[in-house]
Amino acid sequence: MNSDPIADYLTRLRNAIKANHRVVEIPSSNIKKEITKVLYEKGYIQSYKFDDSSVQGTIKVALKYNPSTKQSAIVKLERISKPGLRKYAGHDNLPRVLNGLGISILSTSKGVMTEKEAREQNVGGEVLCYVY
């Protein structure tokens, strides 16, 4: 049993990037699927596939690298809200990452989204992580 599945998800991505892996396989959950969709929509990962053949299922994430420099599209993944200390942000004080160059992923009442989408929909929520 993992006490923080989102931190485990981010750590698996971080370790795969450091080892220059092309594909990483992660145990699946609904919140991880939503975070994966956001990362794909924003261009941080190349593709993903949900495999629900087993009981829990897995997420296969194809990481994105620059072909000339071999550098990953993801420079840093940082977990913000932890099980011991939850971080929430209202619609009026949503965090900006690197002055808008990065994204922060939030869990809101309208689903998992970036801070820009949350600003447009005028909702706040739990700040899950920063990606840049």
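Ser104 is found in strand 6 of this predicted model. Is Ser104 buried or exposed? Ser104 is buried, with a relative accessible area of 0%. Leaving out residues up to four places away in sequence, Ser104 touches Pro95, Val97, Met113, Thr114, Glu115, Cys129 and Tyr130.

One of these contacts, Thr114, lies in strand 7, which covers residues 111-114. Thr114 is buried, with a relative accessible area of 2%. With neighbours within four places in sequence set aside, Thr114 is in contact with Val38, Lys42, Ile103, Ser104 and Leu106. Of these, Val38 is also listed among the buried residues of helix 2.

**Single residues and their exposure**

Ala62 has its place in strand 3. Ala62 is buried because its relative accessible area is 15%, and buried means under 20%. Ala62 and Tyr44 are 18 residues apart in sequence, and their C-alpha atoms are 10.0 Å apart in space.

Tyr132 is placed in the segment after strand 8. With a relative accessible area of 22%, Tyr132 is partly exposed. Tyr132 and Glu115 are 17 residues apart along the chain, with 13 Å between their C-alpha atoms.

Asp92 is found in the loop between strand 5 (88-89) and strand 6 (103-108). Its relative accessible area is 65%, and Asp92 is exposed. Between Asp92 and Tyr44 there are 48 residues in sequence and 26 Å in space, taken from C-alpha to C-alpha. Asn99 lies in the loop between strand 5 and strand 6. Asn99 is exposed, with a relative accessible area of 67%.

The table sets out the accessibility of these residues.

| Residue | Relative accessible area | Class |
|---|---|---|
| Ser104 | 0% | buried |
| Thr114 | 2% | buried |
| Ala62 | 15% | buried |
| Tyr132 | 22% | partly exposed |
| Asp92 | 65% | exposed |
| Asn99 | 67% | exposed |

**Helix 1**

Helix 1 is made of 14 residues, 5-18. From its first C-alpha to its last, helix 1 reaches 20 Å, close to the 20 Å expected at 1.5 Å a residue. Which residues of helix 1 are buried? They are Ile6, Tyr9, Leu10, Leu13, Ala16 and Ile17. Seen down the axis of helix 1, these buried residues fall within an arc of 125 degrees, so they line one face of the helix. An α-helix has 3.6 residues a turn, so residues three or four places apart point the same way.

Several elements cover the buried residues of helix 1, including strand 1 (23-27), helix 2 (30-41) and strand 3 (58-63). Strand 4 (77-79) and strand 8 (125-131) are also among them.

Helix 2 has 12 residues, which should span 16 Å at 1.5 Å a residue. The end C-alpha atoms of helix 2 are 17 Å apart, which agrees. The buried residues of helix 2 are Lys32, Lys33, Ile35, Thr36, Val38 and Leu39.

How do the two helices lie against each other? Helix 1 and helix 2 pack at an angle of about 40 degrees, and their axes are 10 Å apart. The two helices are therefore oblique to each other. The crossing in which helix 1 passes helix 2 is right-handed.

On the helix 1 side, the residues that meet helix 2 are Pro5, Ile6, Asp8, Tyr9 and Leu13. On the helix 2 side, they are Ile31, Lys32, Ile35, Thr36 and Leu39. Ile6, Tyr9 and Leu13 are also among the buried residues of helix 1. Likewise, Lys32, Ile35, Thr36 and Leu39 are among the buried residues of helix 2.

**Positive phi values**

Some residues in the model take a positive phi. Just after helix 1, Asn20 has a positive phi of about 55 degrees. Just after helix 2, Gly43 has a positive phi of about 85 degrees.

Asn99 is not a glycine, yet its phi is positive, at about 55 degrees. Asn122, also a residue other than glycine, has a positive phi near 60 degrees. Asn122 lies in the loop between helix 3 (115-121) and strand 8.

Technical notes
Residues numbered from 1 in each chain as written. Predicted model: local features only at pLDDT ≥ 70, side-chain atom pairs only at ≥ 80, totals over all residues. Heavy atoms only, no water. Helix = DSSP H or I, 4+ residues; strand = E, 2+ residues; numbered from the N terminus. Expected span 1.5 Å × (residues − 1). Buried < 20%, exposed > 50% of the residue type's maximum accessible area, 1.4 Å probe, protein only. Arc of directions from axis to C-beta. Contact = heavy atoms within 4.5 Å. Axes fitted to C-alpha atoms, helices over the stretch in contact; angles between N-to-C directions. Parallel < 35°, antiparallel > 145°, perpendicular 65-115°, else oblique. Left-handed = near helix turned anticlockwise from the far one by under 90°.
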